[in-house]
Amino acid sequence: MLHELLLALLGYTGDFVIDERERAETLGLADPSQIPDEPTFKLAPDLSFIQPSDRSVIERLIPLGFYYREVDCFATRSRNLSSAYSAIDVPLHGTSETQKGKSRQGSVYRRAIANGIVEILSVYRSAVLQVEQNLLSDPSPILATVTHGLNKFEVLLPPLYELIVEMEREDIRGGQLLNFLHKRCHCGVPELQACIQRLLWHGHQVMYNQLASWMIYGILQDQHGEFFIQRQDDGDGEGRLCHPDVLEKLMHKSADDATLTDWHLGFHISLDMLPEYIHMRVAESILFAGKAVRVLRNPSPAFRLQESFIHQSVPKATDRVQGFLGSFAPQKELLKGTSLIAEELLPQSEAAKIEAMLQELKQSSEFHKRLFESAVSSIRMIAANNLWELVVIRADLNGHLKALKDYFLLAKGDFFQCFLEESRQLMRLPPRQSTAEADLMVPFQLAALKTIGDEDKYFSRVSLRMFSFGVNMTTSQVDSKMKVQADGNLGVPSQGRASSELSLDGWDGIALEYSIDWPLQLVFTQEVLSKYLKVFQYLIRLKRTQMELEKSWAAAMHQDHADFADHRKDRKNGSVSQQCRQRSRPMWRVREHMTFLIRNLQFYIQVDVIESQWNVLQAHVQDSHDFTELVGFHQEYLSALISQSFLDIGSVSRILDSIMKLCLQFCWNIENYEINPNLAELEHIAEEFNKKSNSLYTILRSSRLAGSQRAPFLRQFLMRLNFNSFFEATARGVLNVVRPRPTLPVLQQ
C-alpha cells in the first residue's frame, strides 16, 4: 500500500489511487476541456481495509501527486524546443476549447520558468525517494514517515499549480510573466517565496541575455515579441511641422540608411511587456543605449570610407583631391581600414565594461532594483559619451551648427544683402510656377561668387528651393497683376483687398536646404530642419523689407538731387521744387517710422536673440559630453529662437507679417508715384501701419510677455522703440481717442 501511495505521489495512478477525470473521460461523462478546480486523484472506493484515520491522512497526501503530474507536464511541454520556439502551443490538460484551438506564440520566458519548475520538482522527487528509503530501512514502516517527509510540499505544489493554470488561461508571457511572478513573491510563506523567487531568477536570466544582446551589440533578440524593447510597427515619425517637400526628401534619405531609420522610427517601449518594477525612465535609458550602440556599430559606408582615408593619412585638402587620391589607394588596405571603424566607435574595452556590469546583475540571486538602475545608468552614460564623440568630434557638429547659423539665421549678412540686391528686380514680378527656382539660382550664385570664399566648405551643402508661392493666385489674378505692372505700378494688391492674406507675396516660398551626412541626422531631424526653415523665411522677409525701405530712400534722394540740379538755374521753378520737397515730408516721415521699427526689430532678433542664444549653446556644447544633453540643448536653442522671435504667437506673427507687407506696398507705391500717383493708397497704408505698429507695441509691452522670462531681452527692444515715449503716447492715443484720418498732401506736378 505504501509503495502504491509513493507511486501516486509521483503522478502514477493504479488500483489504489485512481484519477476520476481520466475515468470520466473514458466513459464520456466529463468534458476534458474543463480545468478541474480540485485535484482528481482519489482513493479507490472499494478499499475496505484502510482505517478512517489513515484514509484521511492519505486523502490529504495524494493531491500532491496530482499537482506534481500537472506541473511536470507543463514543464516538459514548455521545455520542448519545438514548442518554445514555434507558433503553436499545446494547451495544458483541461484548458478551454477557445484557448485549445487558439494558435499561440512560443515563449522563451516560459521555457526559462519551466527550467526553474524542474529544479523544484527534482527536490520533490528527491524527497519522495528519501521517504521510500526510510520506509525500506524501517522494520515497521508507518504512514507518518510519508507525512513527515512531504508535509513541506503541501504549501508549495498547490500554489505552483494555480500559478501555471493562470499562466495558461491568461496566456501570460514575456515581461508580463516577470511582473506576474514578482507580484506572487510577496507572500507570508518563506518556502513559497523562495520558490517563486527562484522562478523569477530564471526569467530574469532571459531578460539579462536580451539586455546584453541589445546594449552590447545593438541586436534585438526577441523572436516572440516578449522583450519590452520592440520594433516599431507603424511609421508614425517626426516632422509633422515640416513642409511636405522637405519631409519627403528627408524621409527618403533616412530610408537609405537603416541605422538612421532605426534611430528615429525603428524601436519603441512596449508598455504591455514592461515589468512594473522597472521604471519608465530606466526603460528609456535602455532603449537609448541600444539604439546608440546600433549606430556606433553600423556606420554608413560613406563614413567608413572617409574614416579609412583618415587612417591612411590621406591629405584632407578638398573632396575632389580626396576622391582622386582615394581612387589610387590599394583596395586591400582600404577594406582593412573600413573594418576597424565600428570597433573604434565603440572600443572593445567599453563593450567589456557593459558586459561585466550585466554579468554581475545576472549572477545575483535576487533582483536588486537600485543596482539594476545604477548599472543601466552607467551603460547609458558609456553609450552617450561614445555617441557624443562620434557626432561632435568626428562629424564636426559645431561646424555644421555654425553653417546653419550663417545661412538659415542670416549670420552671413553680406551674402544675403547681395542676393536680395541681385534678385530685387526679379522679385518685383510674380514667380513663375515652372522656372521660379531656376530664376533665383542666378542671383544666388552671383551673390556666392561675390561674398563666399573658397575656405567656406559648408556652402556647397546649401541649396536654394521654392517650395510654395505664398498667395494662391489664379491665372486671371496673375494676368491682372502683370497688366498693372506693365502700366508702371509695381505695387501688390492693397491692404484692404488682401487683408486676409498672411504672406507678403509669391516669393515667400524661398527656402534653403542643407545636405547632412551620417550621423548628423541624429541631431538635425526633420522637425529641427523645419524650425530652422521657419526662422529663415521670417528673417529673409524681414531683411528684404529693410532693404526695400533703404532703397526707396536712396532712390528718392537721387531723384531729389537730380531735380535740384535741373532747377538750380531756373529761378522761376525753384520755388516749385522747394514746395514739392516740403509737401513730400509727411511721406518720408511715415517711411522713417517704418524703417525705425523694422531696423530695431531686426537688431533685436539678430543680436539680442540669435547671438545671445548662440553663445549659450556654445557654452553647453563645450561643457557637455553627453549626446542626450547635447540634443536637449540644441532643442532649447531652437525653441528659444522661435519663442523670443514671437513666431509661436499667432497674433504677433500676423501683425508682423502685415507690417512687412505694408512696408513693401509703401515702397513700391512711392517709387512709382511719379508714374501712377495713388494718394488714397498711400493714406491707407500710413493709417494701417500706425494701427499695426501701435497694436504690436501694446501686445509686446503686456505683462504676459514683457513681465515673463519668455523673452529676457524684450525690455531692451521696447526701450529702443520707446526711447522718447513716442510709441507709448501714440498707442495710448489710438486706444483712448478717435483721431481724424491722416492725409498726405497732393503733390503738384
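Q: What share of the contacts in the protein chain with a separation of 6 or more comes from residues 24 or more positions apart?
A: Residues 24 or more positions apart account for 80% of these contacts, where a contact means heavy atoms within 4.5 Å. The model is predicted, and local features need pLDDT of at least 70 while side-chain atom pairs count only at pLDDT 80 or more, although totals for chains, interfaces and linings use all residues. Residues are numbered from 1 along each chain as its sequence is written, and side-chain values use heavy atoms, with hydrogens and water left out.

Q: How many helices and strands are there in the protein chain, and what makes a stretch count as one?
A: The protein chain has 33 helices and six strands. Both are DSSP runs numbered from the N terminus, a helix being H or I over at least four residues and a strand being E over at least two.

Q: Why is Arg55 called partly exposed?
A: The relative accessibility of Arg55 is 23%, and a residue is buried under 20% relative accessible area, exposed over 50% and partly exposed in between (1.4 Å probe, protein chains only), so Arg55 counts as partly exposed. Arg55 belongs to helix H3 (residues 52-61), and once its neighbours within four places in sequence are set aside, Arg55 is in contact with Leu43, Ala44, Leu47 and Ile50. Between Arg55 and Leu43 there are 8.2 Å in space, C-alpha to C-alpha, and the two are 12 residues apart in sequence.

Q: What makes Asp171 stand out in its phi, and is Asp171 buried or partly exposed?
A: Most residues other than glycine have a negative phi, and most peptide bonds are trans. Asp171 is not a glycine, yet has a positive phi of about 55 degrees. Its place is in the loop between helix H9 (157-170) and H10, and with a relative accessible area of 21% Asp171 is partly exposed.

Q: Why is Phe646 called buried?
A: Phe646 has a relative accessible area of 1%, so it is buried. Its phi is near 65 degrees, which is a positive value in a residue other than glycine, and Phe646 is found in the loop between helix H28 (627-644) and helix H29 (650-671).

Q: What makes the peptide bond from Trp518 to Pro519 cis?
A: The omega of this bond is near 5 degrees, and the bond from Trp518 to Pro519 is cis. Pro519 lies in the loop between E6 and helix H25 (526-567).

Q: How do you know that the buried residues of H32 line one face of the helix?
A: Helix H32 (residues 714-721) has Leu714, Phe717, Leu718 and Leu721 as its buried residues. Seen down the axis of H32, they fall within an arc of 95 degrees, so they line one face, the arc being that of the directions from the helix axis to the C-beta atoms. The exposed residues Arg715 and Met719 sit on the face turned away from that buried side.

Q: Why is strand E6 described as largely enclosed by the rest of the structure?
A: Five of the five residues of E6 (residues 510-514) are buried, so the strand is largely enclosed. Ile510, Leu512 and Tyr514 point one way, whereas Ala511 and Glu513 point the other way.

Q: How do you know that strand E5 and E6 pair?
A: Two strands pair if DSSP finds at least two bridges between them, and E5 (residues 462-466) and E6 share five bridges in the antiparallel sense. Val462 has Tyr514 as its bridge partner in E6, and Leu464 stands opposite Leu512. In E5 the covered face holds Val462, Leu464 and Met466, while the uncovered one holds Ser463 and Arg465.

Q: Why are H10 and H11 called roughly antiparallel to each other?
A: The axes of helix H10 (residues 175-184) and helix H11 (residues 190-217) come within 9 Å and cross at roughly 155 degrees. Axes are lines fitted to C-alpha atoms, for helices over the stretch in contact, with angles running from 0 to 180 degrees between N-to-C directions. Angles under 35 degrees count as roughly parallel, over 145 as roughly antiparallel, 65 to 115 as roughly perpendicular and the rest as oblique, and H10 and H11 are therefore roughly antiparallel.

Q: Why are H19 and H20 called roughly antiparallel to each other?
A: Helix H19 (residues 348-363) and helix H20 (residues 369-394) pack at an angle of about 170 degrees, with their axes 10 Å apart, and the two are therefore roughly antiparallel. The residues making the contact include Met357 and Leu361 of H19 and Ala375 and Ile379 of H20.
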